[in-house]
Amino acid sequence: MPFLPYHGRSRPQGVRRLTSVIAAGVMAIAAVLLAPGPVAAADTPWLTVSEDGYASFSVPAAAIEGGAGQVVIEGNFGPSAAWAEFGLTRRGDVYSGVLGPLKPGLYSYQVTADGTGLKDPTNSTKVASKPFWSTFFVPGDAVRPLADVPEGQGGKVETLTYRAGKQEKSALVWTPPGYPAPGPKAYPVLFLQSGDGVSATDWLDLGRAKQIFDNLSAQRDMEPMVVVISDGHGSAGDKEVKDLRKAVEDRYRIHRDPAHQAIAGVTEGGTRALRAALTRPTHFAYAGSFSGLLADGVGRANANTINRHVKLLRLYTGNVTDPAYNATNRLTKALDRAHVTYEFDGVNPDAGANWNAWQENLIDFVPRLFRKVSDHGPSDGHGRLKGEFTPPAPGTTPTPFVAEDGFVTFETTTDFQDAQQVTVWANWAPNGSWLRIPLSRAGDRWRATVGPLDPWFYYYRLMVDRVAVKDASNPTKVTSEPTWSTFFVPGDRARLLSDVPAGKGGKVESMTYRSGVANEDRTALVWTPPGYDPDRAEPYPVFHLQHGGGQNYTDWVEMGRAKQILDHQFLDGDLVPMVVVMGNGNVPDFNKELLENIVPAVRDRYNVSSDPSQQALAGLSMGGGQTFGVLKAHPGTFAYVAAFSAGFGSGAGVDAEAINNGTTLLRLYVGDQTDFVYPSFATSLATLDDLGIRYEFDGVTPGPHGWDVWQKNLIDLAPRLFKR
């Protein structure tokens, strides 16, 4: 079904039939795109995923035994595919929330209610090593090797049981389509290892190894081979590889010579592959390390023997959130000193030590086995190692510490050394939704490095044993949200949110006014442009900019970055010199407060025009609703009107002709499906169309009901004011 058009496709004034056809069903999400296994028809899915990657969760309250204070979806949704918590909101009989758009790929998740895990019973997918986990797949060109091949065209996976010492063990074996070929043909073999905390079955459930081999085989991008997937944990791992190797040779038609055998693995499995290549180079001709760590062995390496027998030693690492990043940096230097030939796939900028990275590693590694290849360089988009990543020592710097490339390190004080769980909850999900990422114990503190984050303005709070806490090490504050802190990641994308050079911007000052509605003195913040002249012959136009519910007059400066946006746009020559007033909208009668208290106070103190053509009014959420209320009751008082993430409400008694005649610009904004006003906003467009009111719709601004969206809305709106 159609959705509202996205940001950038502005609709011309007077073209009204843009989206009314979708008002009745705007929140419907497309068919579930789960991994194999149908959901029972009688069950309502807890998860649906739209074609454009929005994941909609709806967990019945009845499924949570005894109720819960907090229900979250835990999954690999965070930056670098980090494990994170997405909080659900209770609405009636369900806990619900929409997250996205998610990049194409495989996602794993579980429902957690007050710390207790729960399997989604409506999703038939399973992760054998994690009984509460389910998975879903978001398709796309970038992850085509992870998709299922047509039925009957893939290889087969079976279980091999073997003896390892006195224990009976098992491994998984993938054989290619057509195995075994007629005649005496033998196949090369890849031994694919898991690591600490990783099961052999994870290679299928989370690594999509079968799909990867099936797709590479179908495209003839890999040599026909047998792949043996095993656990092999702990110090006995190397011995178990030997036992497994013998069992495979006895059971399958494979080459027994090292030139046709390869070994690779993740974490500890990658370490075993490195040890095999460097200390027993006559055993395997190909070795791949995916986030492997090797603390010894290089210094004793016999480079001549290694280089003669090992045809390929290829190293893989994620970004600085991968524990193997620094180890890989040291390993490459040691290999260079030892004159050992190796290849490095480059630093994966978008993933740490997780399956998102290891899937890519496997896709890159397997086509290089048992054949000649011409490309020995890093994967597309991968970068060089830039030396070891070393955050500041504990307790030596305010947090968060923002490093280059957008990696941010959070650290608590010692106040929470006895806590059981600490997370940081911030707007770093896709397009600015909130996600919680767990911190790890670091002595008597808690710490985590998160990233890479796109250049932008971020806000967060600590959650200590599920209780919100202010980061005492961060001096920033948010008046209306005492537990919040903020930080900024610089870059071209965020230029308009950055501070202009000292002395170049406008001024923000407090204006006290008497509120007859609240019967008290109140405060507004007022931005005046650089060079503001109180005696200028031509009065300045004035723009009243309102906050939302639960907020205050301080929020547009502390959270909306209004000063930075206005400063930059003025210095760029994009902004008409104007006075911007951010008043307190927390009153029962906003129309009276604005027109009888705020507006007169501004005109008394500042050199501003009283001409309606020089008046603008906009607001977000509640403030947007208040803006619509003024427009309905006093059409023509403000020539420029805009609403961010707000509904128009009823059209009863509205004088559409007066609005059209008195309004130069009525411009509307909304976030995407993650903005909870999205459905009512669509209804508003239909109402405006039916009334014949002329308006412009900026198109859906990707993001939720939050500041990431409203900052972009202000950036779009301000340069349009007082220019028609």
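This is a predicted model: local features need pLDDT of at least 70, side-chain atom pairs count only at pLDDT 80 or more; totals for chains, interfaces and linings use all residues.
Buried means under 20% relative accessible area, exposed over 50%, partly exposed in between (1.4 Å probe, protein chains only). Strands (E, at least two residues) and helices (H or I, at least four) are DSSP runs, numbered from the N terminus.

Phe77 touches Phe57, Leu99, Phe136 and Leu435, among others, not counting residues up to four places away in sequence. Contact means heavy atoms within 4.5 Å.

## Strand β16

Strand β16 (residues 312-317) is largely enclosed by the rest of the structure, because 6 of its 6 residues are buried. Leu312, Arg314 and Tyr316 point one way. Leu313, Leu315 and Thr317 point the other way.

## Its partners

β16 pairs with strand β15 (residues 286-290) in the parallel sense, over 5 bridges. Pairing takes at least two DSSP bridges between two strands. Leu315 is the bridge partner of Ser289. On β17 (residues 343-347), also parallel to β16, there are 3 bridges to β16. Here Arg314 stands opposite Glu343.

## How it was computed

Residues are numbered from 1 along each chain as its sequence is written. Local features need pLDDT of at least 70, side-chain atom pairs count only at pLDDT 80 or more, and totals for chains, interfaces and linings use all residues, while side-chain values use heavy atoms, without hydrogens and water.
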